[in-house]
Amino acid sequence: MRDVIQSGRLGPLRMVHTWCYNDWLYRPRLDEELDTAQGGGVTMRQGAHQFDILRYLAGGRVRSVRAQVGRWDSSRPTEGAHVVFLEFENGVAATAVYNGYDHFHTSALTFDLGEWGHPVPRHVYGERRRQIRAIGRKEEIHLKRNQAGYRSREDLPSPGEHQPFFGITLVSCERGDILQSPNGLLIYGEEGVEEVTLPADTPHERVIDEWINAILGIAKPVHTHAWGLATLEVCLAVLESAGRRKEVILRHQVDVQA
């Protein structure tokens, strides 16, 4: 998507939206994952990914944030949902919506495909919420500790036959829109719709490659310490804006180094 935006073929970027509905809050969680003060909740844990996507596509520098968050289950006392409006310094507008309460899933809008490019059967909606409520905290923590972490690239889940979908992301430029497709991207230009085919891989492979290339000096990383600080600033601004019910101006944003 960034390559298409940077090419200028669709004109200037105007707005970006990324929305994700899933079962995040009811997957097995450690205590700190359900404690906002320790960096828990969907805004800190998952919003960071959404804000990284939006900042990467829109140039990096968020001017301000206005947001509301949802804490709708007292047994999981942290943010399970948020709605965020971001204004960028270059005038681009963006929204990030997340709901991890395991009712509707955005896979219903993404060709029934999930985060690893595998099909997500609709009959499983709500299954994790029911399962987690049927067990105690000790069993839940045991499940989490047994499944957490990858020791090597070979431990990563195998990629599906299609593109991975972390929710749905829609880009609007002055002369066209860009949307994910099962096999790549759909580009809605002034002359019609074009599909660009992309290789199917796991989301984590790109992270590992960027890390290795940075260590070996092959390529400069996009995700530098300054970039991470800027993304963290957005996460904290979301929580502050929701608490104060006001717009929050950001101070530590940086450009995309790519």
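Mentor: One definition to begin with: buried means under 20% relative accessible area, exposed means over 50%, and partly exposed is in between, with a 1.4 Å probe and protein chains only. This is a predicted model, in which local features need pLDDT of at least 70 and side-chain atom pairs count only at pLDDT 80 or more, while totals for chains, interfaces and linings use all residues. Residues are numbered from 1 along each chain as its sequence is written, and side-chain values use heavy atoms, with hydrogens and water left out.

Trainee: OK, so how many salt bridges does the structure hold?
Mentor: There are 18 salt bridges, each being a side-chain nitrogen of Lys or Arg within 4 Å of a carboxyl oxygen of Asp or Glu.

Trainee: Which residue does Arg-63 meet in a salt bridge?
Mentor: Arg-63 pairs through its side chain with Glu-247, at 3.3 Å from N to O. Arg-63 is in strand S2 (residues 62-70) and Glu-247 is in the loop between H6 and strand S9 (248-249), so the pair ties together parts that are 184 residues apart in sequence. Helices (H or I, at least four residues) and strands (E, at least two) are DSSP runs, numbered from the N terminus.

Trainee: Is Arg-63 buried, exposed or partly exposed?
Mentor: Arg-63 is partly exposed, because its relative accessible area is 34%, and Glu-247 also counts as partly exposed, at 42%.

Trainee: What about Arg-137, which partner does it have?
Mentor: Arg-137 forms a salt bridge with Glu-140, at 2.9 Å from N to O. The two are three residues apart in helix H4 (residues 137-147), so they are separated by about one helical turn. Arg-137 is partly exposed at 30% relative accessibility, whereas Glu-140 is buried at 2%.

Trainee: Switching topic, where does Arg-76 lie?
Mentor: Arg-76 lies in the loop between S2 and strand S3 (81-88), and Arg-76 counts as buried because its relative accessibility is 4%. Leaving aside neighbours within four places in sequence, Arg-76 is in contact (heavy atoms within 4.5 Å) with residues including Arg-27, Arg-137 and Glu-140.

Trainee: And which residues are linked with Arg-27 in a network of salt bridges?
Mentor: That network links Arg-27 with Asp-23, Glu-115 and Arg-128. Within it, the side chains of Arg-27 and Asp-23 meet at 2.7 Å, N to O, and Asp-23 counts as buried, at 10% relative accessibility.
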